[in-house]
Amino acid sequence: MKGSLIIVGFFILGIIFGLTGWLHIDDFGFDVSFTALAMLMFCVGISVGSDFSALKSLRTQPGILLLLPLLTIIGTLAGCAAVSLAFPHRSLTDMLAIGSGFGYYSLSSIFITEYRGPELGTVALLANIAREIITLLGAPLLYKWFGPLSPISSGGATSMDTTLPIITSVSGKEFVVLSIYHGFVVDFSVPFLVTFFCSL
């Protein structure tokens, strides 16, 4: 939990720096976001590479775990359908399109803005950012209440990149390869599902 709070603390600090103009992202002269993400992935790679048991663990996991991405997709869409009942002014397809971002806010928001306008695109952006932040903050509680697979599902498409470090520290190194596989499959589904629901 402490690690998650530190991550969110730096996120808030970044917002403050950006709003006050103390520091601009362009001041660095390179893509800071990409560099930070690359460094995180490099550290996770070292962690996995130095522990062969983590790589072997995928073979020891039950085969049914390979269905985890599908279950994440079905669960997310079912949740969006349930939430749509509380927002009668929005169509079911709008809600399903938003949920189909699975945390991949940069891509899904662009698609939804193009198909349904900037208002819904902004809602999609905030919803997907919220999913990522909930995973970063709530991973320890999700693990405690629902087990090691819940932080992976909660992360959605981000389970292979931005939320991977917190998933690794909470669920264990033995779930790193599964988390990357899960993120890749869910990530791959985003453009297809978002455009499908937006076109209905």
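Visitor: Where does Glu132 sit?
Guide: This is a predicted model, and in it Glu132 belongs to helix α7, which covers residues 118-146.

Visitor: What is the nearest side chain of opposite charge to Glu132, and how far away is it?
Guide: That would be Arg131, at 9.3 Å, and Glu132 is therefore without a salt bridge although it is buried, given that a salt bridge needs a nitrogen and a carboxyl oxygen within 4 Å.

Visitor: Which side chain does it have a polar contact with, then?
Guide: The side chain of Thr162 makes a polar contact of 3.1 Å with that of Glu132. If neighbours within four places in sequence are set aside, the residues in contact with Glu132 are Gly103, Tyr105, Thr158, Thr162 and Thr163.

Visitor: Switching to salt bridges: how many are there?
Guide: The count is three, and the residues linked in a network of salt bridges are Arg90, Asp94, Arg116 and Glu119.

Visitor: Take me through the pairs. How far apart are the N and O atoms of Arg90 and Asp94?
Guide: The Arg90 and Asp94 side chains form their salt bridge at 3.6 Å, N to O. Arg90 is partly exposed because its relative accessibility is 24%, whereas Asp94 counts as buried because its relative accessible area is 9%.

Visitor: And what about Glu119 and Arg90?
Guide: Those two side chains meet in a salt bridge with an N to O distance of 3.0 Å. Glu119 is in helix α7 while Arg90 is in the loop between α4 and α5, so this pair ties together parts that are 29 residues apart in sequence.

Visitor: Is Glu119 buried or exposed?
Guide: Glu119 is exposed, because its relative accessible area is 56%.

Visitor: Which residue does Arg116 pair with?
Guide: Arg116 has a salt bridge with Asp94, and their closest N and O atoms are 2.0 Å apart. This pair also links distant parts of the chain, since Arg116 is in helix α6 and Asp94 is in helix α5, 22 residues apart. Arg116 itself is partly exposed, with 26% relative accessible area.

Visitor: How many residues of α5 are buried?
Guide: Helix α5 runs over residues 92-99 and is mostly covered, with seven of its eight residues buried. The buried ones are Thr93, Asp94, Met95, Leu96, Ala97, Ile98 and Gly99.

Visitor: What covers them?
Guide: The cover for the buried residues of α5 includes α4 (68-84), α6 (105-116), α7 and α10 (176-199).

Visitor: While we are on α6, is Ser109 buried or exposed?
Guide: Ser109, which is placed in helix α6, is buried, as its relative accessible area is 9%.

Visitor: Which backbone nitrogen lies 3.3 Å from its side chain?
Guide: It is the backbone nitrogen of Leu125, which is 3.3 Å from a polar atom of the Ser109 side chain. Apart from neighbours within four places in sequence, Ser109 has contacts with Gly121, Ala124 and Leu125.

Visitor: Now the surface: which residues make the nonpolar patch of about 730 Å²?
Guide: That patch is made by Phe11, Ile12, Ile15, Ile16, Leu19, Trp22 and Leu23. One of its members, Phe11, lies in helix α1, which spans residues 2-20, and Phe11 counts as partly exposed because its relative accessibility is 44%.

Visitor: Why might residues three or four places apart point the same way?
Guide: An α-helix has 3.6 residues a turn, so residues with that spacing face the same way.

Visitor: Last, the overall picture: how many helices and strands are there?
Guide: The protein has 10 helices and zero strands, so by the run-based assignment the order along the sequence reads α-α-α-α-α-α-α-α-α-α.

Visitor: How much of it is buried, and what makes up the accessible surface?
Guide: Of the 200 residues, 38% count as buried, while the accessible surface comes to about 11,200 Å², with 75% of that belonging to carbon and sulfur atoms. Among the contacts between residues at least 6 apart in sequence, 68% join residues at least 24 apart.

Key
Residues numbered from 1 in each chain as written. Predicted model: local features only at pLDDT ≥ 70, side-chain atom pairs only at ≥ 80, totals over all residues. Heavy atoms only, no water. Helix = DSSP H or I, 4+ residues; strand = E, 2+ residues; numbered from the N terminus. Buried < 20%, exposed > 50% of the residue type's maximum accessible area, 1.4 Å probe, protein only. Lys, Arg positive; Asp, Glu negative; His and termini not counted. Polar contact = N/O pair within 3.5 Å; in protein donor to acceptor, adjacent residues only side chain to side chain. Contact = heavy atoms within 4.5 Å. Patch = residues over 30% accessible without salt bridge, like charges linked within 9 Å, V, L, I, M, F, W, Y side chains within 5 Å. Areas by Shrake-Rupley, 256 points an atom, 1.4 Å probe, with all protein chains shown as cover.
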